[in-house]
Amino acid sequence: MAEDTESTDAGGRRASSRLGRLLFGLGLALQASEDFRDMEDTVEYAESAGVPMPDLAAPFASGMMLVGGLGVALWRFPRIATGAVVTFLAAVTPTMHDFWNAEEGSASGERLAFFGNLAMLGAALVFLREAFK
């Protein structure tokens with residue numbers, strides 16, 4: 001009886017892990033697709049944050065998030081995909097969402113984006129660990 005429970009628990013963990021990767025990866029890919037849909041605003045936002053070469057950096061970063069998100073969702077090349085997501089979030093979060101430097105009117109939105117990215121970075125690190133198992 002204990003073996004049946006352990007087998008069921010392992011299957012449930014695998015299914016929830018797959019569902020988590022799918023939702024996380026698709027969320028990232030869809031977010032990146034929104035950046036591509038309005039790349040002019042994405043570049044302008046990067047430029048306002050002082051990102052060097054925003055005309056190149058913004059599409060590159062969005063592409064990295066798109067490919068990384070799809071890789072996580074489909075669990076293809078998981079080390080590369082999760083590594084790309086971790087790199088993207090680690091670089092973009094403090095650079096683009098530096099609420100501590102934001103003007104009073106935009107600080108709340110930047111703080112919310114910062115903490116959302118921080119949560120996603122935590123999830124990406126868990127998936128990165130899973131990719132190395």
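**Exercises on a predicted model**

Leu L30 belongs to helix α1. The model used throughout these exercises is predicted.

**Exercise 1.** Classify L30 as buried or exposed.

*Solution.* The relative accessible area of L30 is 56%. The exposed class begins over 50%. L30 is therefore exposed.

**Exercise 2.** Determine which residues make the nonpolar surface patch, and which elements give two or more of them.

*Solution.* The patch, of about 640 Å², is made by L19, L22, L23, L26, L30, L70 and L74. Two or more residues each are given by α1 (2-37) and α3 (54-74). Helix α1 supplies the largest share, five residues.

**Exercise 3.** State how many aromatic pairs there are, and assign the geometry of the pair F24 and F127.

*Solution.* The count comes to six aromatic pairs, taking ring centres within 6.5 Å. For F24 and F127 the centres are 5.4 Å apart and the planes stand at 45 degrees, so this pair is tilted. Because F24 lies in helix α1 and F127 in helix α5 (residues 104-131), the contact ties together parts 103 residues apart in sequence. Both F24 and F127 are buried.

**Exercise 4.** Assign the geometry of the pair F99 and W100, and identify the cluster that contains these rings.

*Solution.* The centres of F99 and W100 are 5.1 Å apart, with planes at 75 degrees. Edge-to-face requires an angle over 60 degrees, so the pair is edge-to-face. Ring pairs link F99, W100, F114 and F115 into a cluster. W100 has a relative accessible area of 48% and is thus partly exposed.

**Exercise 5.** Identify the ring over which the charged end of R21 sits.

*Solution.* It is the ring of W75, with the charged end of R21 at 4.2 Å from the ring centre.

Definitions and conventions
Residues are numbered from 1 along each chain as its sequence is written. This is a predicted model: local features need pLDDT of at least 70, side-chain atom pairs count only at pLDDT 80 or more; totals for chains, interfaces and linings use all residues. Side-chain values use heavy atoms; hydrogens and water are left out. Patches are made of residues with over 30% relative accessible area and no salt bridge: like charges are joined within 9 Å, nonpolar side chains (Val, Leu, Ile, Met, Phe, Trp, Tyr) within 5 Å. Accessible areas come from the Shrake-Rupley method with a 1.4 Å probe; for residues, only the protein chains shown count as cover. A salt bridge is a side-chain nitrogen of Lys or Arg within 4 Å of a carboxyl oxygen of Asp or Glu. Helices (H or I, at least four residues) and strands (E, at least two) are DSSP runs, numbered from the N terminus. Buried means under 20% relative accessible area, exposed over 50%, partly exposed in between (1.4 Å probe, protein chains only). Rings of Phe, Tyr and Trp (its six-membered ring) pair if their centres lie within 6.5 Å; planes under 30 degrees apart count as stacked, over 60 as edge-to-face and the rest as tilted. A charge sits over a ring if NZ of Lys or CZ of Arg is within 6 Å of the ring centre and within 35 degrees of the ring normal.
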